[in-house]
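Please open the structure in a viewer and keep the selection panel at hand.

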Amino acid sequence: MASPSSEHVTLIKHPVIDRDLTILRDVNTKTEGFRAATRRIGVILAYHALKELPLKTFPVSTPLRETTGYDINQDVIVVPILRAGLGLSDALLQFIPDAKVGHLGMYRDEQTQQPVEYYSNIPDGVEDALVLVVDPMLATGGSAHDALCYLKEEGAQHLRFVSLISAPEGLQKLAGEHPDIPVITAAIDEKLNDDAYIVPGLGDAGDRYFGTT
Ligand SMILES: O=P(O)(O)OC[C@H]1O[C@H](OP(=O)(O)OP(=O)(O)O)[C@H](O)[C@@H]1O
Ligand SMILES: O=c1cc[nH]c(=O)[nH]1
Ligand SMILES: [Mg+2]
């Protein structure tokens, strides 16, 4: 099996991430705190995920003289994997307020641990846009793999996958199946347990973010 290479996976290190991941992992953290910590880490991940956006220049006048202005020269499409991915999409929209948002609805069947797709709505323009697929948990990698295959079939050519916590198993799957797609993550945890939950992880991200059980 392919192993995640350093150019394929970017592990973002930051003291705020360490503090906020602890809040997310803590079983006693309530919904409000969980959402706030997700948003804060999301902003740091978004900053990194958008780092290589191309720029175009144009003249801009300050009160003193004309100088070079910059604008982003590529459309951005954010694709949260429902439900839990919704918690990360707003962070990206703070930086790119006019980004289009596509949705892919998937849940993991508890018995088979395989993703089941129940919804998709992808905007036009995926071929040329930077397409950022966001989901807090990369566990077996099955959901991410299906989402990336779907978007490639739709014509997406500039894909990134953004997660809060990744399991080595999920990273290996993406490295093997999608070596062309950079992964940006805030943590690489130890392993999956027998139910394919990330250990130590944070539990079920969707349930904790939305207050369901
Ligand atoms: O890498 P995998 O093994 O596929 O697991 C990861 C998936 O599991 C979680 O979603 P879940 O099925 O719990 O759906 P939800 O977001 O609606 O809670 C998570 O948000 C990922 O989408
Ligand atoms: O640990 C895990 C694995 C899959 N989905 C989650 O929400 N958490
Ligand atoms: Mg869930």
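Two residues are taken to be in contact if their C-beta atoms, placed from the backbone, lie within 7 Å. The model is predicted, and every stop should be read with that in mind.

**Stop 1: V78**

Select V78, which sits in strand β4. Why does V78 count as buried? The reason is its 27 C-beta neighbours inside 10 Å, given that 20 or more are required for that class. Next, display the contacts of V78, leaving aside neighbours within four places in sequence: they are S89, L92, L93, A99, V101, L132 and V134. For a view across the model, draw a C-alpha to C-alpha distance from V78 to D195; the two residues are 117 apart in sequence and 29 Å apart in space.

**Stop 2: the nonpolar core**

Now select V79, V131, L132, V133, L151 and V162, the residues with the most contacts inside the largest nonpolar core, which has 50 residues. Helix α2, residues 31-49, gives the most to this core, contributing six residues. Centre the view on V133 and, again setting aside neighbours within four places in sequence, show its contacts: V79, I81, A144, A147, L148, L151, L159, F161 and V162.

**Stop 3: ligand 1**

Move to ligand 1, which is surrounded by 23 residues, the closest being R108, A139, T140, S143 and G206. Which elements each supply at least two residues of this shell? Colour β4 (76-82), β6 (103-108), β9 (137-138), α4 (142-153) and α6 (205-210) to see them. Colouring by class instead gives 13 nonpolar, six polar and four charged residues in the shell of ligand 1.

An unreviewed UniProt entry lists R83, R108, D135, P136, M137, L138, A139, T140, G141, G142, S143 and D204 under "binding site".

**Stop 4**

Select T140, in the loop between β9 and α4. T140 counts as buried because it has 20 C-beta neighbours inside 10 Å. Apart from neighbours within four places in sequence, T140 is in contact with Q113, E169, G170, K173, L192 and A196.

G141 is found in the loop between β9 and α4 as well, and it counts as buried because 24 C-beta neighbours lie inside 10 Å. With neighbours within four places in sequence set aside, the contacts of G141 are E169, G170, K173 and L174.

**Stop 5: ligand 2**

Select ligand 2 and show the residues around it: A84, M137, A139, Y197, I198, G201, D204, A205 and G206. By class, this shell comprises six nonpolar, two polar and one charged residue.

**Stop 6: the β2-β3 hairpin**

Display strand β2, residues 55-61, together with β3; the two pair in the antiparallel sense over seven bridges. A hairpin of four residues joins β2 to β3. To locate one bridge, select F58 and its partner G69 in β3. Is β3 buried or largely in the open? Of its seven residues, 66-72, the number buried is zero, so the strand lies largely in the open.

**Last stop: the annotated domain**

Finally, select residues 12-212, which the unreviewed UniProt entry lists as "domain: Phosphoribosyltransferase". Over this range the chain is 34% helix and 31% strand, and the end C-alpha atoms are 29 Å apart.

Note on methods. Residues numbered from 1 in each chain as written. Chains lettered and ligands numbered in written order. Predicted model: local features only at pLDDT ≥ 70, side-chain atom pairs only at ≥ 80, totals over all residues. Near = placed C-beta within 6 Å. Nonpolar A, V, L, I, M, F, W, Y, C, P; charged D, E, K, R; others polar. UniProt positions renumbered as here; feature names shortened; annotations may be inferred. Buried ≥ 20, exposed ≤ 12 C-beta atoms within 10 Å, placed from the backbone. Pairing = 2+ DSSP bridges. Core = buried A, V, L, I, M, F, W, Y, C linked by C-beta atoms within 7 Å.
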